[in-house]
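Student: I'd like a close look at the aromatic ring pairing in this model, please. Could you describe it together with its surroundings?

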Amino acid sequence: MKGLLLKDFYEIKATLILLIITIVGVGMGISYLTSPMVTILISAIIMSHAVVGTIQTDKQSQWNKFTVTLPATQTTLIASKYILLTVFAVIGVFVGAVISFLFSSKSQNFDIAMLLSNVNLGFVFAFISGSISIPLSYILNEDKGVIVTLISCFVTTLAVIALALVFGNRNMLFTTSIANLVSIVIFIVSCKICSNILKNKDL
């Protein structure tokens with residue numbers, strides 16, 4: 001497991017600085033157009049999708065054919081993607097939260113509850129989109145990457161809207177906290193289902 005995580009981490013590491021610079025640039029631009037809090041969502045999505053991209057890279061480099069010679073099982077390989085996405089979701093939300101705090105703390109309308117609500121939403125977008133994009137990336141061909149991204153973003157948006165309608169928007173922190181817990185459960189269930197479906201198939 002550790003070796004698989006390090007392999008993917010070093011693969012993403014080459015573009016990690018560029019991703020962070022992009023997030024900072026987007027955050028600076030957004031802070032003048034709308035709420036800097038949106039940076040948290042963007043950062044979480046960018047970081048989590050960087051992990052999903054490693055699945056397509058594995059297919060293109062035929063890395064998955066090499067993994068059959070390793071002691072790691074298909075279940076371990078799939079689980080490593082979910083764990084790495086969690087790590088990068090945390091990094092993305094943290095980077096986005098820091099940028100949002102720096103740009104919005106100077107405002108008289110700064111609200112810590114709103115910041116925490118957007119942190120929750122960042123994890124919701126990362127986990128629900130990851131729950132969809134990781135299985136689809138394994139099932140679909142590598143040239144369907146754009147379709148995977150569109151489907152995951154569309155379903156994630158619908159899920160967030162549905163949760164907002166169910167719990168209401170009177171207390172955003174409470175609503176987004178519940179949504180965050182639900183997204184974590186969906187993420188774990190997705191990992192279990194994906195592992196069971198693909199454990200005996202060539203990835």
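**A ring pair and its helix**

Tutor: Happy to! Of the 203 residues in the chain, 44% count as buried, where buried means under 20% relative accessible area, exposed over 50% and partly exposed in between, with a 1.4 Å probe and protein chains only. The model is predicted, so local features need pLDDT of at least 70 and side-chain atom pairs count only at pLDDT 80 or more, while totals for chains, interfaces and linings use all residues. Residues are numbered from 1 along each chain as its sequence is written, and side-chain values use heavy atoms, leaving out hydrogens and water.

First, the setting. The chain has 7 helices and 0 strands; these are DSSP runs numbered from the N terminus, with helices being H or I of at least four residues and strands E of at least two. A contact here means heavy atoms within 4.5 Å. Among contacts in the chain with a separation of 6 or more, 84% come from residues 24 or more positions apart.

Now the rings. Rings of Phe, Tyr and Trp (its six-membered ring) pair if their centres lie within 6.5 Å; planes under 30 degrees apart are stacked, over 60 edge-to-face, and the rest tilted. That rule gives 3 aromatic pairs. Phe123 and Phe127 form a stacked pair, because their ring centres are 5.8 Å apart and their planes meet at 15 degrees. Ring pairs join Tyr82, Phe123, Phe127 and Phe187 into a cluster.

Phe123 and Phe127 both sit in helix H5 (residues 112–139), 4 residues apart, or about one turn of the helix. An α-helix has 3.6 residues a turn, so residues three or four places apart point the same way. Both side chains are covered: Phe123 counts as buried at 16% relative accessibility, and Phe127 counts as buried at 7%. Leaving out residues up to four places away in sequence, Phe123 touches Ala89, Val90, Val93, Asn180 and Ser183. The C-alpha atoms of Phe123 and Leu41, which are 82 residues apart along the chain, are separated by 8.1 Å.

H5 itself has 28 residues and spans 41 Å from its first C-alpha to its last, close to the 40 Å expected, the expected span being 1.5 Å times one less than the number of residues. H5 bends by about 30 degrees at Gly130, the bend being the angle between axes fitted to the seven residues ending there and the seven starting there. Because 22 of its 28 residues are buried, H5 is largely enclosed by the rest of the structure.

The buried residues of H7 include Asn180, Ser183, Phe187 and Ser190. Asn180 and Ser183 are among the residues that Phe123 touches. Ser190 counts as buried at 9% relative accessibility, and a polar atom of its side chain lies 2.7 Å from the backbone oxygen of Ser131. Apart from neighbours within four places in sequence, Ser190 is in contact with Tyr82, Ser131 and Pro135, and Tyr82 belongs to the ring cluster.

Key
A polar contact is a pair of N or O atoms within 3.5 Å; within protein, one must be able to donate a hydrogen and the other to accept it, and residues adjacent in sequence count only if both atoms are side-chain atoms.
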